[in-house]
Amino acid sequence: MSTETTFENEVFIEDEDYSYLKKDRDKLIKIILFFIASIATIFVFLIIIFLFVIGGPFFTEVSLTEFLLGTNWLPSHGDFGALPIIVDTLLVTFGAIIIALPLGLMTAIFLAELAPPKLRKVLKFTIEILAGIPSIVFGFFGLVVLNIIIRDLFGLHHGNTWLSGSLILAIMALPTIVSVCEDSIRAVPDYYREASYAMGATKWQTIRKVVIPAGMSGITAALVLGIGRALGETMAMMLVIGNCKVFPEPLTNMFSCVAVITSTIGLGLGPTETGSIEWRSYFALGITLFIMTLMVNTIANVILNRIQRKFTGEKVKEKHVNLKESKIYSQVLKYRILLIALIISVFIAIILPDMISKVVGAIICIGLGLTFQMYTIVPKNQKKWILYGVILLFAGWVLSTWIGIFLTVIVIALIIGTRLIFKRISTVGQEKFWFIIVYLCSSFAVIAVGTLLYYIIANGIPVLIRIPGMEDSYRPNFLTASSMEGGILPAITGTIQLTLGSIAFALPLGMCAGIYLSEYARDNKVTKIIRSGIDNLNGTPSIVFALFGVVLFLVVFGLQKSLIAGMLTLGLMILPTIIRTTEEAVKAIPPSFREGSLALGSSKWQGISKIVLPAALPGIVTGAVLGMGRSAGETAPIMFTAVRTTSRYIITLSIFQPVMALTYHLYRLLTEALFSVEEAAGTALTLLLLVLILYGVAFVIRSRYEKRKQW
Amino acid sequence: MVFKSKNKNKLEIEHKNNLNDSNMYQDDTVIECRNLNLWYEESQALMDINMKFKRNEVTAIIGPSGCGKSTLLRCLNRMNDVIEGCRIEGEVLFQGENLYSKNADIRLNRKKIGMIFQKPNPFPMSVYDNITYGPKIHKIIDDKILTEITEKNLRRAVLWDEVRDRLDESAMGLSGGQQQRLCIARALAVEPEILLMDEPTASLDPIATQKIEELILELKKQWTMIIVTHNMQQAARISDYTGFMYLGKLIEFGNTEQIFENPNNQLTENYITGRFG
Ligand SMILES: Nc1ncnc2c1ncn2[C@@H]1O[C@H](COP(=O)(O)OP(=O)(O)OP(=O)(O)O)[C@@H](O)[C@H]1O
Ligand SMILES: [Mg+2]
């Protein structure tokens with residue numbers, strides 16, 4: 001009982017019973033949070049464990065060398081040589097990055113430094129939303145448009161090629177790369193630019209020599225995200241690259257039919273018998289993919305740390321001080337990347353089948369090594385290493401196809417040409433030249449993504465809406481009928497059910513875990529391991545989650561393909577993201593808020609629940625809505641766990657029944673021999689609208705919140 | 001190609017020296033504001049500023065916060081061009097030519113008029129890369145020359161002995177005072193004629209401040225300097241001329257001694273004696 005007396009200051013709380021303070025709810029809450037956080041963490045680690053438990057026994061029957069070095073993949077015949085698939089995966093990813101990184105970086109430069117503020121705002125918003133385009137939609141575009149263009153342009157028998165795979169992945173990664181690069185460029189403080197201008201530098205000189213190096217950590221992060229996205233993409237690859245489990249012949253032939261790890265799993269796992277060695281072989285591929293993404297993340301962290309040190313000026317700790325005195329050792333240490341590249345290139349030369357591939361593969365490998373030396377050899381003018389490396393890389397192509405010659409000529413001409421010309425023209429002239437390149441690249445990026453959207457919209461709208469002159473395509477009940485009557489309503493309801501279910505599962509778990517991690521967890525080894533586990537799962541390909549879902553729900557729990565299995569699989573997939581965004585949103589609240597609350601005698605939890613969480617809520621909601629968008633757009637995780645192909649009912653009410661989903665429905669349509677582009681476009685457009693609206697909502701919430709933010 | 005750029009640079013330096021010599025006898029003014037007015041969007045930040053800065057002298061600009069000191073300083077090497085919505089009227093004459101005339105070479109002028117900022121802002125690169133950034137921008141690519149430039153300018157900024165062994169290390173690892181001296185060395189590396197400094201010691205501790213002040217007195221022998229400062233003792237210690245600004249206007253401008261001991265204007269006196277606001 002307390003009465004507030006507003007007029008007299010002496011008595012604030014009349015009743016001096018403070019026993020309510022002793023009821024230690026804080027501890028209880030901490031325990032509950034810890035418990036939930038542990039569950040979330042256990043799920044996260046279960047994925048890794050299951051992958052190895054299921055995939056591991058595979059290696060008792062097939063040796064690791066046979067798997068990694070064998071060149072024949074035919075599980076039904078007992079051939080489990082995954083090398084061609086692994087090599088193809090690397091090649092396709094590499095091709096995608098070579099295309100996407102320069103385009104993305106240039107577009108980011110345009111947005112951050114050159115575009116008028118209004119245009120920038122609009123473009124930036126669009127790009128962030130576009131990052132949500134479901135991969136199956138890219139697959140659709142790749143299959144129906146890009147592959148045909150490539151086939152006709154280069155006079156091929158079929159358009160299912162490495163080139164189209166790389167191109168699609170590049171377009172797919174562009175929004176992410178652009179927006180991350182742009183953020184990092186914008187984050188470069190203006191006083192760097194001012195210092196540069198004050199010495200008489202041009203805008204371009206400032207961008208190239210100050211802004212980009214200063215934004216390097218963000219650009220590297222964008223590169224890693226791009227690689228991760230490309231490595232883990234499943235659906236588009238299943239549709240676009242043809243899935244031939246062979247080396248390109250020769251190795252640089254971008255017109256050859258290839259297969260990547262994800263697509264091999266996606267296409268192969270379904271028909272196999274659970275528990276058989278064939279079935280397990282796909283888990284072995286899953287492990288391989290997981291390790292590859294892990295390696296990319298680890299290398300990226302090393303590089304990011306190195307860059308970070310440049311900013312803080314911290315010195316690199318010199319280990320092996322005694323050993324370092326030996327000159328040879330220090331040289332080896334200095335050139336280790338190049339050495340590793342050399343060793344790998346010898347290995348490549350031994351493994352690969354034909355002569356050209358041997359030589360070319362080795363050269364490309366050394367080129368890569370040289371290029372990456374730039375991260376270890378920092379001193380003054382060692383930048384030329386990069387140049388040599390890149391020239392070598394492209395020289396690799398000369399030896400094979402004419403498109404290689406074409407590319408090489410362009411690159412060498414560009415390098416030599418610009419060097420020669422630049423010596424003759426003024427700095428301002430150079431600036432103009434580079435700005436033109438920037439404009440060209442950004443318009444190309446915009447055109448590429450724009451064409452895709454245009455294609456889907458132009459073909460999809462007449463299906464959904466009656467448009468004069470195009471009545472033929474119009475399907476009155478497309479959105480409102482069951483699939484028996486030619487509609488996609490069951491797929492829409494199914495997707496919505498899956499999405500809501502996944503967020504209902506992931507949000508409470510993820511929020512509790514995020515709050516626990518940021519507010520309660522001590523900074524010890526365990527926390528560190530949990531964090532890095534979560535981070536790594538954040539970038540784990542969705543097909544790996546699909547494998548996990550199959551094991552946990554279908555095998556362990558003995559469920560059928562069902563709504564609940566799909567919801568949970570999707571939920572697990574977005575769980576790491578939810579944990580991370582919650583943690584970040586909560587961490588972004590300044591400590592003074594908590595202190596202010598504690599100073600008034602509140603408990604820790606009161607401070608968190610009454611002050612911190614409300615302030616962090618918009619950030620958490622943004623993360624949740626983005627997670628929903630991701631759930632709605634994913635195909636791979638539900639492909640084996642939740643979906644059916646047709647449905648008589650417009651909504652499935654039992655969570656133990658399989659459902660239809662827009663993404664999978666689109667995939668099914670595309671794999672039918674004679675599919676109607678209109679129906680597919682209508683489905684794709686519906687899916688696109690659903691996902692993009694979610695993304696749009698998320699970013700509107702975020703930008704509102706940022707505007708309102710006072711601290 | 002390498003040779004050409006080297007020669008060009010030599011030529012430039014010679015040319016500059018000639019200019020210096022010839023100007024010396026005619027007029028001491030290196031840079032001059034004439035009826036300078038400046039607006040940010042609609043609000044006027046500088047009103048009718050007329051000011052002459054003399055060769056090899058240190059001029060201090062003092063005044064309360066927000067009176068337009070930084071704005072004025074930034075007008076002198078056109079750093080306000082970067083700011084959107086900034087409009088300028090009037091003239092700034094540098095060696096007799098208007099910086100704001102249509103055919104003035106902004107970048108060349110900025111090279112000749114160096115600037116040091118309030119917060120030390122070395123680039124997140126090595127010490128060496130920081131110093132050589134400017135020369136590289138202006139087409140000096142020979143490694144040997146760049147190394148010489150590095151040493152020369154680090155010595156000028158009295159930093160050489162402290163960083164000679166860490167040229168390849170990140171400049172961000174230096175202390176605040178070292179960073180500021182590095183920024184001065186970086187500015188000197190493009191051989192400017194004037195140094196503009198905007199509260200160069202505002203973010204430094206007393207000892208680092210003292211070092212910078214000593215450096216300024218040393219640099220005075222060769223360079224014309226214009227310094228914005230909040231610290232009146234500092235202005236009194238290091239400057240030959242002092243200008244007092246208030247609400248965008250230049251209230252009083254003259255000999256430092258006279259300004260501090262015997263100001264003509266009541267506002268100036270109030271400000272200097274601390275009876276202000
Ligand atoms: N980029 C800008 N846009 C709009 N107004 C500005 C901008 N920069 C400065 N101003 C305004 O112009 C006036 C003068 O600012 P200036 O920075 O020149 O003052 P100052 O004398 O250097 O102050 P301080 O001692 O605090 O550095 C102030 O009223 C300020 O608000
Ligand atoms: Mg100022």
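At 11% relative accessibility, Cys257(A) counts as buried (buried is under 20% relative accessible area, exposed over 50%, partly exposed in between, with a 1.4 Å probe and protein chains only). Before going on, note that this is a predicted model, where local features need pLDDT of at least 70, side-chain atom pairs count only at pLDDT 80 or more, and totals for chains, interfaces and linings use all residues. Residues are numbered from 1 along each chain as its sequence is written, chains are lettered from A and ligands numbered from 1 in the order in which they are written, and side-chain values use heavy atoms, leaving out hydrogens and water.

Which cysteine is the partner of Cys257(A) in a disulfide? That's Cys244(A), with the two sulfur atoms 1.7 Å apart; a disulfide here is a pair of cysteine sulfur atoms within 2.5 Å. The link is right-handed, with 85° about the S-S bond. Cys244(A) and Cys257(A) both lie in the loop between helix 11 (235-240) and helix 12 (261-268) of chain A, so the pair ties together parts that are 13 residues apart in sequence. (Helices are DSSP runs of H or I with at least four residues, strands are runs of E with at least two, and both are numbered from the N terminus.) Over all chains, the structure holds one disulfide.

Here's how some cysteines of chain A compare for accessibility:

| Cysteine | Relative accessibility | Class |
|---|---|---|
| Cys244(A) | 27% | partly exposed |
| Cys257(A) | 11% | buried |
| Cys181(A) | 0% | buried |
| Cys512(A) | 17% | buried |

Now for the aromatic rings. Rings of Phe, Tyr and Trp (its six-membered ring) pair if their centres lie within 6.5 Å; planes under 30 degrees apart are stacked, over 60 edge-to-face, and the rest tilted. That rule gives 26 aromatic pairs over all chains. In one of them, Trp279(A) and Phe283(A) have ring centres 4.7 Å apart and planes at 55°, so the pair is tilted. These two sit four residues apart in helix 13 (residues 277-312) of chain A, about one helical turn, and both are buried. Ring pairs also build a cluster from Phe58(A), Phe59(A), Phe67(A), Trp73(A), Phe80(A) and Tyr282(A).

Over in chain B, Arg87(B) lies over the face of Trp39(B), 4.4 Å from the ring centre. Likewise, the charged end of Arg186(B) sits over the ring of Phe123(B), at 4.4 Å from its centre. The rule for this asks for NZ of Lys or CZ of Arg within 6 Å of the ring centre and within 35 degrees of the ring normal.
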